[in-house]
Amino acid sequence: MDRMNEQDLIGIHAGISNEEYHSGPGVSKSGLWKIHTSTPAHFRFPPPREEAAHFSFGEAAHLAILQPDEFEGTVYRGPDERRGNKWKDAQEYCGIDGKLLLTAGDYDKALTIRDAVHADQWINSIITGGDRAVEESVYWIDPETGVLCRCRPDLRRKDLNVIID
């Protein structure tokens with residue numbers, strides 16, 4: 001996405017990383033909410049995203065549900081607590097390997113949530129079946145304002161013409 005023309009972005013794109021999407025051009029619903037609840041400057045110059053346990057857990061649960069084949073290769077089951085040398089060693093390992101680190105309890109919870117969601121046959125068929133695309137980036141120009149807009153739905157079922165977020 002390096003220095004892409006806005007017009008080149010219009011459409012649906014696979015393969016744009018989460019980091020590229022969030023740091024790239026255009027405004028999203030969360031960006032509009034940031035402007036509404038604070039100031040345009042807060043939107044334009046956001047602070048660096050904090051590394052918080054709930055962000056890691058959310059990302060892991062998302063992977064477990066929507067991309068279960070990638071979960072074990074991406075998420076690492078760490079020690080029970082985020083304190084001590086075991087946690088520091090796990091952080092170092094995950095930093096080198098590019099893995100998402102969770103406590104053992106959070107890792108197990110993510111799998112429990114995955115299992116509960118996939119236990120419903122109807123939901124499971126929507127999530128895993130058909131012509132599906134996960135985490136595509138969508139860009140369009142708002143006709144009223146001329147502003148580049150973007151969204152990143154969790155799942156798109158092309159064959160059902162349905163977006164799930």
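Rings of Phe, Tyr and Trp (its six-membered ring) form an aromatic pair if their centres lie within 6.5 Å; planes under 30 degrees apart count as stacked, over 60 as edge-to-face and the rest as tilted. By this rule, the count here is 3 aromatic pairs. Welcome to a predicted model, in which local features need pLDDT of at least 70, side-chain atom pairs count only at pLDDT 80 or more, and totals for chains, interfaces and linings use all residues. Residues are numbered from 1 along each chain as its sequence is written, and side-chain values use heavy atoms, with hydrogens and water left out.

**An aromatic pair between helices**

- Phe71 and Tyr107 make a tilted aromatic pair, with 5.1 Å from centre to centre and 50° between the planes.
- Phe71 belongs to helix α6 (residues 68-74) and Tyr107 to helix α8 (residues 104-119), so their pair ties together parts that are 36 residues apart in sequence. Helices (H or I, at least four residues) and strands (E, at least two) are DSSP runs, numbered from the N terminus.
- Phe71 is buried, at 0% relative accessibility, and Tyr107 is buried too, with a relative accessible area of 10%. Buried means under 20% relative accessible area, exposed over 50%, and partly exposed in between (1.4 Å probe, protein chains only).

**The sheet**

- An open sheet is built from 3 strands in the order β1-β5-β6, with antiparallel pairing. Two strands pair if DSSP finds at least two bridges between them.
- At the edges are β1 (11-13) and β6 (148-151), each of which pairs on one side only.
- β1 pairs with strand β5 (residues 137-141) in the antiparallel sense over 3 bridges, and Ile12 stands opposite Val138 in β5.

**Residues on the edge strands**

- His13 is part of strand β1. A polar atom of its side chain lies 2.6 Å from the backbone oxygen of Leu9.
- Leaving aside residues up to four places away in sequence, His13 touches Asp8, Glu136, Ser137 and Tyr139. Contact means heavy atoms within 4.5 Å.
- Leu148 lies in strand β6 and is buried, at 3% relative accessibility.
- Beyond residues up to four places away in sequence, the contacts of Leu148 include Leu9, Pro25, Val27 and Trp140.
- Leu148 and Gln7 are 141 residues apart in sequence, yet 9.0 Å apart in space, C-alpha to C-alpha.

Key:
A polar contact is a pair of N or O atoms within 3.5 Å; within protein, one must be able to donate a hydrogen and the other to accept it, and residues adjacent in sequence count only if both atoms are side-chain atoms.
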